[in-house]
Structure formats: C-alpha cells, structure tokens
Amino acid sequence: MSDISATAQSLLAEGKGILAADESTSTANKRFDDYDIEHTPENRRQYRQLLFTAPEIEQYLSGAILYEETARQVADEGTPLPEVLADRGIIPGIKVDRSLKPLPNFPGEHVSQGLDNLDERLDEYAEMGMRFSKWRSVIAIGDGLPTDECITANAHVLARYAGIVQSKHMVPIVEPEVLLDGDHSLEDSARVLERTLNTVFQQLAMYRVDLGGVILKTSMALPGSGSSEDVDHTQVAGTTMDVMEKCLPAELAGIVFLSGGQTPEDAIQHLQEIAVRGPYTWPVTFSYARALQEPVLKVWAGDPENMISAQDAFLEQVKKASAAQMGAYAANSAE
Ligand code: 5MM
C-alpha cells in the first residue's frame, strides 16, 4: 500500500470521522454572528484551540481540516495548532481551494479557484505537518441548474487539484457539494448528485488520479431546504447510498459526508441509517462542520468561562457521530 493510501485508510478508521474546522474567515465570522462574538483572529484562535484540546476527542476523530489562518496559529503555550492535533493522533489537513468565483455566462453558478501555485503552497503545508488537503466545489440546484458546463468545469478543477496533491504525497479530499438550497425534491437531488459524481469520477480517471488515495466528501441526497416533501432518515440513507453504489468505483479509498445545513441531529441520524444499510465497498464516515460545531458554539458563545462546558458539548457530539458511523446511535440515549 502506498503512503497516500495508508494515510487515507487512517483517516477512514472505523468509529472515527474527520472534523471540518476549515471555515474561511468570512464563514467563521458568519457563524460567530449568531452569538455576537467579535470577528478577531484571536477569537477564532481561542475557538479552534477549544475544539482541538477537548478531552478524549482523539477516540472519535481521525483527522481535522484546518483553514490556513488556523494552520499558522499557536496554542496558548506556544505549540502550533496542527501539532496539537498531531500529538493526539488526529491527522491535520488543510483546505486549499481559494473559494468560489461566478462562472461567466452561467448565472447562479460558480467554479472554485486556487490551482495557481498550489504545488508550492503544498510544499509549505507539508512542512507545517499537513498530510491531507481538501477542495470544495459547489453545485446549485434550481431552474435549469446545474448546467453540464458548470458540473464539468468544477469536476475538471477537482481532478487537477487531486493530481497535484497526490504528486506531493498527500491525500486529496475531493468535495463536490450539491447544495441544499432550493425547493427541489429528494429525487431531483439524487439525480443531480448522480450527474455530478459521474462527471467527477470521469475527470479523475482522465487525469490519472490514483483513486486508492482519494477520499470523496459528498452531500447526501436530500429534499431542498425550501421543499415541503416529507422524507424519513431511512429514505435519505437509501437514496443516497443507491447513488453512491451506482457512481463510485470500487478502488475509491472511502466516502465522508458533509452535513450541508442539516440539523446536527438529522446529520447524525442519516449517518446512522447509512451505516445500518451497509456494509459497503468503501469505508463511510462523517466530515461535518456545522453538525459537530453548532452545539459547541451555542454553549461557548465567546465566553472563556464556558470553555469546559463547550468542550463537553463537543465531545458529546463527536461521540454521537462516531456511534452513528458504526450503526450504534440511538437518538436521545447516546452517552
Ligand atoms: C460544506 O461545507 C463543508 C462541510 O461543512 P458542513 O458539515 O457544515 O456542511 C466545510 O468543510 C466547508 O467546506 C468549509 O467550512 C469551508 O467553507 P467556506 O465557505 O468557508 O469556503
């Protein structure tokens, strides 16, 4: 097994998942707004430190994705934050896309940026201890959306990114997010997910990316946030995994799900039902940001006095997600 595949398999260890703590500064600030937390690098550092030093989380987390600002910050006693994670056996990784730009001539559609000098940036990130990276592209569902051109443009960039990352002996997490926004049905979402994943995997093959060293970070198939369609957790799990089984090659290292605006409880229950529906050809786990962090931010609310109880809330949330990954989560009774 290559080094890259070995890292991918460590990230996909049973009972563990990946914390997404890679909100860009503007997204992190938006999350802080809900609790009137001031937008300062120090508040973001305090918050990420709170997460990374929470007791016992290494039992439930295999890795954590950082934003560049965090990757360069240090804990109170001077240890770089990536090292704080690595010392606990949590593999540090970094978000390397440089956000979204409108796709000219395709209103409402975007393509992610950041390939220029990516190879040089990765050399520095590797020196900082990063062993994997993540790139997010976004696919919107709407009237006439997504277009094939938008899907192809983003799939192309994801494949180029993945090739560059592997050339630096790091694991690429490839994240084509199909957005929850809209009033589309579960079936519409599944169709878009299928089109997107088929195109992404065509492009990965075209650019000769080693799938044994790639982790797919994907949305679940879900009715849009503005839809009144009533679906249960089992339907979501079944529809989602039907798409995965149709589109994904057996060689892929594994699948991690994003939470994408679901409530934390739904994201965990969907993962539970996905696990129960298994087994699968690939390891399947979580890489949630909001579903792990919302309860934590609510307790912390920017007040240092709440740090311990916020860390307890974080531990509780990662324990639930871990239980769900193994099909052992029971709502309202998780320890
Ligand atoms: C979809 O967002 C990713 C997963 O988070 P959720 O579980 O909350 O959906 C997340 O890793 C995202 O890619 C980062 O927060 C970076 O997002 P921005 O918008 O700041 O580039």
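Cover for its buried residues comes from several elements, including strand E1 (17–21), H2 and H3. Helix H10 (264–277), strand E10 (284–286) and helix H12 (307–325) are also among them. Keep in mind that this is a predicted model.

Which residues of H11 are buried? H11 runs over residues 290–300. The buried ones are Ala291, Leu292, Gln293, Val296, Leu297 and Trp300.

Glu294 belongs to a negative patch. Asp34 sits in the loop between helix H2 (25–33) and helix H3 (41–52). Its relative accessibility is 60%, so Asp34 counts as exposed. Asp36 is in the loop between H2 and H3. Is Asp36 buried or exposed? Exposed, because its relative accessible area is 74%. The backbone of Asp36 deserves a look as well. Its phi is positive, near 55°, and the residue is not a glycine.

That brings me to backbone geometry. Most residues other than glycine have a negative phi, and most peptide bonds are trans. Here are the exceptions I want to show. His169 is not a glycine, yet its phi is positive, about 60°. You will find His169 in the loop between H7 and strand E7 (171–178). With a relative accessible area of 64%, His169 is exposed.

Next, the cis peptide bonds. One joins Leu145 and Pro146, with omega about 0°. Pro146 lies in the loop between strand E6 (132–139) and H7. Another joins Gly278 and Pro279, with omega about 10°. Where is Pro279? In the loop between H10 and E10.

On to salt bridges. How many are there? The count comes to 20 salt bridges. I will take a few.

Glu42 and Arg45 first. Their side chains form a salt bridge, at 2.8 Å from N to O. Both residues are in helix H3, 3 residues apart, which is about one turn of the helix. Arg45 has 11% relative accessibility, under the 20% cut-off, so Arg45 counts as buried. Glu42 has 38%, so Glu42 counts as partly exposed.

Now Arg88 and Glu58. This salt bridge is 2.6 Å from N to O. It links distant parts of the chain, with the two residues 30 apart. Arg88 is in the loop between helix H5 (81–87) and strand E3 (91–95). Glu58 is in the loop between H3 and strand E2 (61–66). Arg88 is partly exposed, with a relative accessible area of 22%. Glu58 is partly exposed too, at 27% relative accessibility.

Then Arg195 and Asp148. The side chains meet in a salt bridge, 2.8 Å from N to O. Arg195 is in helix H8 (residues 186–206) and Asp148 is in helix H7 (residues 148–167), so the pair ties together parts that are 47 residues apart in sequence. Arg195 has 32% relative accessibility, so Arg195 counts as partly exposed.

There is also a network of salt bridges. Glu68, Arg72, Arg98 and Glu124 are linked in it.

Stay on helix H8 for a moment. Thr199 is in helix H8. Why does Thr199 count as buried? Because its relative accessible area is 13%, under the 20% cut-off. What does Thr199 touch? Setting aside neighbours within four places in sequence, Thr199 is in contact with Ile151, Thr152 and Ala155.

Last stop, Leu100. Leu100 is in strand E4 (residues 100–102). Its relative accessible area is 29%, so Leu100 is partly exposed. Which residues does Leu100 touch? Leaving out residues up to four places away in sequence, the contacts are His110, Val111, Ser112, Arg136 and Val138. Take Arg136. Leu100 and Arg136 are 36 residues apart along the chain, and their C-alpha atoms are separated by 8.8 Å.

Cis peptide bonds join Leu145 to Pro146 and Gly278 to Pro279. And Arg195 of H8 pairs with Asp148 of H7.

Note on methods
Residues are numbered from 1 along each chain as its sequence is written. This is a predicted model: local features need pLDDT of at least 70, side-chain atom pairs count only at pLDDT 80 or more; totals for chains, interfaces and linings use all residues. Side-chain values use heavy atoms; hydrogens and water are left out. Patches are made of residues with over 30% relative accessible area and no salt bridge: like charges are joined within 9 Å, nonpolar side chains (Val, Leu, Ile, Met, Phe, Trp, Tyr) within 5 Å. Accessible areas come from the Shrake-Rupley method with a 1.4 Å probe; for residues, only the protein chains shown count as cover. A salt bridge is a side-chain nitrogen of Lys or Arg within 4 Å of a carboxyl oxygen of Asp or Glu. Lys and Arg count as positive and Asp and Glu as negative; His and the chain ends are not counted. The place of a charge is taken as NZ of Lys, CZ of Arg, CG of Asp or CD of Glu. Helices (H or I, at least four residues) and strands (E, at least two) are DSSP runs, numbered from the N terminus. Buried means under 20% relative accessible area, exposed over 50%, partly exposed in between (1.4 Å probe, protein chains only). Contact means heavy atoms within 4.5 Å.
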